[in-house]
Every structure is written in structure tokens, then in C-alpha cells.
Amino acid sequence: QVQHNVERLFTRFVEQGKATVRLREPAVDLRLSKANVSHLKTFLSALRLAHQGTDAGLLPLSTLVPAKNSEVEKPKTKMIITSRRDYPLTKGFPYSLEHLQTSYCKLARIDTRVLCLKKLRKLDLSHNHIKQLPATLGDLACLQELDLRDNHLESFSGALCRSGLQRSLQLLDLSHNRLRALPREFCQLRALLTLRLDDNELLRLPCRIGQLGRLRCLSAARNKLPFLPADFRRLCLENLDLFGNPFEQPNPLVPNIQLKIPLTLLECAARATVNHRIPYGCHLLPSHLCEDLEVAKTCQCGSACLSSFIQITVTMNLHHVAHTVVLVDNMGGTEAPILCYFCSLHCYSQFLDRHLQSN
């Protein structure tokens, strides 16, 4: 609808074949470019008359000729940049991009223009010098694949784990960085199918890693992992690579005893809350208590324990959680130490009896 609906015409560059028509409803700007100057002037003249209510039969319009396919500029959905000299400094990225790769560009941070590309599904920032990730990266609600390998990352923000990436992110590559740990919120990225953590300085994996129920491929080779978290047993993987980690020799007969007898009131209340699935939240409890409850440990008997427990490491064959396992050591083994917790001396003594009988 044109009549009484044209708010303004911008014709300053009409001699260059350019013009902009601003409509009232819908409130959009129609930008015309690369037009034949004569045809453009005729069109704008007809548009003014139509806006004033002139009968359509009296408008100076020529017969429309369909544009050729070669003349129609399709929205750009993919852009690959693999050198710093090709990186755009003066013009922005097309908002229609779904796949953007900017590798080997010596980027020290993520360009804010990239954070405006709301249609991005795949973002490859590998082989740069990025040290930190902005929290606004989580605003890319469609992002399914994020490649950050070979950068200078020393941490992964917990805010990103609480963002919209929880529902969209399926592949995350953090290999060849400087990570020593991942935040406890990391396991909220429950859409993950593939996670690559190779060649970092990881001293531990997230304690609630079993919450990544959709995870199928995990690689954390050449890190500094002494053992695996107890929750690792809950994973159901297709491919697992833990080669090159300095795993400790498990010794169930040398426990780490953190058990307090009698149990504190806080420990009793925390165990009851988890065991009986009593609802809690920051509106009822201090935030630090909520965080502790979320990472409560589970005894072999199925009961919870918070800060009072007995900890040991036992051997687990990784084929229990993965179909394909890359050799853990040079001898071809597929076993690794995993943490095990007990809520009481009774539970630990029962485990010891079974362990000694089996050996």
C-alpha cells in the first residue's frame, strides 16, 4: 500500500542510481541501488503521484521486466577469512551470515561486530590470540558450533554456560589453549554433542560432567588429569580420547578421610535436602549453599554427602562409558582412575570387604 504511506524519499544520490523510500507501515526503509538513472527517476515520480492518491491508470509506469538471476544479489550466508590482511576493518559483516570463519587473523579479542550476527550457526575463531570471551557471546541464540582452538584462553566464563548456548551449542572446541579448569556451570551446556579439550592444562574435569547426557564425543588428551570425577560413570559416549594424561595409580586402601563424626547440622540438613529431593533456591537459601548442594557427592549406597565423606580412587574400564576408546597409555590400556565417595565408615567397610574378596 503506497497511498499516504510514504514518509520520506531520499534522492540525494539519484544520479548514481541510488535512492531510499521510507514507509510508515511497515516502518522500513527500501534501499534501491545500481538502478538505471532514467528508470529510477520515472519510478520515484510515479511513487510520489501514487502517494498523493493519483489513479493507477495515470501513473507513468513502464512494463516491468523480470530481473535475471545473475542480477539478483542473494543474501550472503558464509564468509571465510584466513589471513589478517583480508579481515574487514572499515565495513561490517553481512547480517545474513550463518557461517563465519576468521582464522589466523591474530585477533586478541572477539570483534563486537561478530556479536551482532544473530543468525550465526557456526563460528570459527581458531588460530588467533584470544584471551577472554565476552558474556555477550551467549546472545548468539542460534549458535550450534563454536571453534576456539589454538588461542590463549585461560578460562571459560560461567555466564556463557547460563546463556542461550545451553539450548543451541552442539560442538565446542577449546583445544590448544591454557585452560586449567572449567566452571561448575559448564555442565549446563546440555545440548553438547562434541567437546574437544585436548592440549590444555586441565587438572580436573567438571564434577557434574554426567549431566551432559547428549554428549557423544569427548577428547581431553594431553592434559594434566590425575583422575576422573565420579560423575564420569554416567556418560554414554561413542568416542573417548584421554591419551597422554598423568593418571595416578588408584589405591582403594589409602582413603582420603574427610568424615566428621558426629555429622554437623549443616551436613545432615544438606544430605536430607538432596536425598529427599526437597526443593530449594536462592530465594530460600544463601547462594553459596545452593551451589554446594548442586555439586553434592553421591555415595556407593546412593545417598548424598556434602563436605563429610571418605574419598578413594578406583579403576574403571573406559569401555563402560564409550564405544571407542583411544589408548589411555603407551601399553594399550583402556582403564583410568575414577573418584569414589562414601558417606560413612559402614559404606566404606562394605566396599573394602568386596574389594578384598575379589582380589
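Helices (H or I, at least four residues) and strands (E, at least two) are DSSP runs, numbered from the N terminus. The structure is a predicted model, in which local features need pLDDT of at least 70, side-chain atom pairs count only at pLDDT 80 or more, and totals for chains, interfaces and linings use all residues. Residues are numbered from 1 along each chain as its sequence is written, and side-chain values use heavy atoms, with hydrogens and water left out.

- Three strands form an open sheet in the order 1-2-3, with antiparallel pairing; two strands pair if DSSP finds at least two bridges between them.
- Strand 1 and strand 3 are the edge strands, each having a single partner strand, so one side of each is left without a neighbour in the sheet.
- On average, neighbouring strands of this sheet are turned by 15 degrees against each other, direction ignored.
- Strand 2 and strand 3 run antiparallel and are joined by four bridges.
- Threonine 20 has arginine 31, in strand 3, as its bridge partner.
- Helix 1 lies across strand 1, strand 2 and strand 3, and runs at about 160 degrees to strand 1.
- For such angles, axes are lines fitted to C-alpha atoms, for helices over the stretch in contact, and angles run from 0 to 180 degrees between N-to-C directions.

**Leucine 23**

- Leucine 23 belongs to strand 2.
- Is leucine 23 buried or exposed? Leucine 23 counts as buried, at 16% relative accessibility; buried means under 20% relative accessible area, exposed over 50%, and partly exposed in between (1.4 Å probe, protein chains only).
- Leaving aside residues up to four places away in sequence, leucine 23 touches Asn5, Val6, Glu7, Val28 and Leu30, where contact means heavy atoms within 4.5 Å.
- Leucine 23 and alanine 141 are 118 residues apart along the chain, and their C-alpha atoms are separated by 30 Å.

**Salt bridges**

- Side chains of opposite charge can pair when their charged atoms come close.
- How many salt bridges does the structure hold? The structure holds 13 salt bridges, each defined as a side-chain nitrogen of Lys or Arg within 4 Å of a carboxyl oxygen of Asp or Glu.
- Glutamate 15 and lysine 41 form a salt bridge, their closest N and O atoms being 2.7 Å apart.
- Glutamate 15 lies in the loop between strand 1 (6-10) and strand 2 (19-23), and lysine 41 in helix 1 (residues 37-51), so the pair ties together parts that are 26 residues apart in sequence.
- Glutamate 15 is exposed, at 52% relative accessibility, while lysine 41 is partly exposed, at 40%.
- Aspartate 29 and arginine 22 meet through their side chains in a salt bridge (2.9 Å, N to O).
- Aspartate 29 is partly exposed, at 28% relative accessibility, and arginine 22 is partly exposed, at 31%.
- Arginine 162 and glutamate 185 also meet through their side chains in a salt bridge (3.0 Å, N to O).
- Arginine 162 lies in the loop between helix 2 (158-161) and helix 3 (165-168), and glutamate 185 in the loop between strand 8 (171-173) and strand 9 (194-196), so this pair ties together parts that are 23 residues apart in sequence.
- Arginine 162 is partly exposed, with a relative accessible area of 47%, whereas glutamate 185 counts as buried, at 19%.
- A network of salt bridges links Asp147, Arg149, Asp173 and Arg196.

**Backbone features in loops**

- Glutamate 25 and proline 26 are joined by a cis peptide bond, with omega about 0 degrees.
- Proline 26 is located in the loop between strand 2 and strand 3 (29-32).
- Isoleucine 261 and proline 262 are likewise joined by a cis peptide bond, with omega about -5 degrees.
- Lysine 34 is not a glycine, yet has a positive phi of about 60 degrees.
- Lysine 34 is placed in the loop between strand 3 and helix 1 and is exposed, with a relative accessible area of 75%.
- Arginine 277 is not a glycine, yet has a positive phi of about 55 degrees.
- Arginine 277 is placed in the loop between helix 4 and helix 5 (287-294) and is exposed, with a relative accessible area of 76%.
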